[in-house]
Amino acid sequence: MKALVVRLDGSTGAPLAGPAVRAVATRAGPVTVPCAPGGDPAARLPPHVDDALVRDPPWERHGSGAADEDALVGRPRADAYDVAPVVAPGGRGPEPAERLLREARVDRVGACGDPGAEAALGTAATLGFGPRAGDDGRLRVLSPPVTAQLTGNGPYVVAHPGAGPRGRAWDPVRCAAAVTAPAGAGHRVAVTGGPEETALTRHAGGNTAVDLGGRTDPRRPAGVLRAADAVVTGAPGPAHLAATGTPVVSLVPPGGPRRSHGGPGVLLAPDAGTAQNVARAVHRLLDGRT
């Protein structure tokens, strides 16, 4: 039985798909996860992902005139998938993806509009897939690479200032506060970001942090986040990835949802994301007082 586990936020939400992937893999295989170009390494991070289906443009453009039908449904139809749970991020319904999968002749499609890992597990359950005995449903990824050559030796806190949703990203001043707060409390800080965020990471890190902006390939951020003592970020992707094993201080962006990312952590609303509160939140996490 061939399965396609679809998250409409692609590699950003790959860790959240993990519990559903593990459940589906109890009775189906191979298990394939769609992703955007360049997202293949992140899509393969959860255990039991056998293949990644690289797609461009994304599912939700179907019907907009931006892509022809064959590009969207051709490979799923050719690969003859039997079952496909679909999970949509907040603000986007799963209906376009459901329609495409049915056009691709996937026999059984289930969907939900809640992006959380528990909802994904529930969708898998409606299709007849439950977790293995002893599987607690927590977020997990395959063993990430060792990244001490990037971060240096010794404990550190990660600050990921960028990658917020358009119109909701934290401004550079607050990004800098997310770095200076733990640094001022005596923690060594590593600042992470993509190749397009090097100016932001350089500004936020200043002279107080290790600047890793643009210096990590798609798999290495998992190693940097896993080895950290805590992570401070307002971006969903790093928060999801860190929640597989590292406490997270989530800086809720203006207008963003106040949602836990599945692991130990602290949520700070926009009006509470001051440098002092960030430092206190990191201190609470490191002391285990969440």
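This note walks through a predicted model, from its overall make-up to a few local features.

1. **How to read the model.** Residues are numbered from 1 along each chain as its sequence is written. Because this is a prediction, local features need pLDDT of at least 70 and side-chain atom pairs count only at pLDDT 80 or more, while totals for chains, interfaces and linings use all residues; side-chain values use heavy atoms, with hydrogens and water left out.

2. **Overall make-up.** The protein has eleven helices and twelve strands. Here helices (H or I, at least four residues) and strands (E, at least two) are DSSP runs, numbered from the N terminus. Of the 290 residues, 50% are buried, where buried means under 20% relative accessible area, exposed means over 50%, and partly exposed lies in between (1.4 Å probe, protein chains only).

3. **Contacts and surface.** Among contacts with a separation of 6 or more, 62% are between residues 24 or more positions apart; a contact means heavy atoms within 4.5 Å. The protein exposes about 12,600 Å², and carbon and sulfur atoms supply 50% of that area. Accessible areas come from the Shrake-Rupley method with a 1.4 Å probe, and for residues only the protein chains shown count as cover.

4. **Helix H5.** Have a look at residues 117-126, which form helix H5. Its buried residues are Ala117, Ala119, Ala120, Leu121, Thr123 and Ala124. What covers them includes helix H1 (14-24), strand S5 (83-87) and strand S6 (108-112). Just after H5, glycine 128 takes a positive phi of about 95°.

5. **Strand S10 and its two faces.** In a regular strand the side chains alternate between the two faces of the sheet. Strand S10 (residues 230-233) has Ala230 and Val232 pointing one way and Val231 and Thr233 the other way. All four of these residues are buried.

6. **Neighbours of S10.** Strand S7 (residues 157-160) runs parallel to S10, joined to it by four bridges; two strands pair if DSSP finds at least two bridges between them. Valine 157 stands opposite alanine 230 of S10. S10 also pairs in the parallel sense with strand S11 (residues 248-251), over three bridges, and there threonine 233 has serine 250 as its bridge partner. With helix H10 (residues 236-242), S10 and S11 make a right-handed β-α-β unit. Right-handed means that, with the strands pointing away from the viewer, the path from the first strand over the helix to the second runs clockwise.

7. **Salt bridges.** How many salt bridges does the structure hold? There are nine, each being a side-chain nitrogen of Lys or Arg within 4 Å of a carboxyl oxygen of Asp or Glu. One of them links arginine 44 with aspartate 40, their closest N and O atoms being 2.4 Å apart. Arginine 44 is partly exposed, at 31% relative accessible area, and aspartate 40 is partly exposed too, at 23%.

8. **A pair within helix H4.** Glutamate 98 and arginine 102 meet in a salt bridge at 3.8 Å, N to O. The two are four residues apart in helix H4 (residues 95-103), so about one helical turn separates them. Arginine 102 is partly exposed, with a relative accessible area of 47%.

9. **A salt-bridge network.** The side chains of arginine 140 and aspartate 136 meet at 2.9 Å, N to O. Salt bridges that share partners join Arg22, Asp135, Asp136, Arg138 and Arg140 into one network. Within it, arginine 140 is partly exposed at 32% relative accessible area, and aspartate 136 is partly exposed at 45%.
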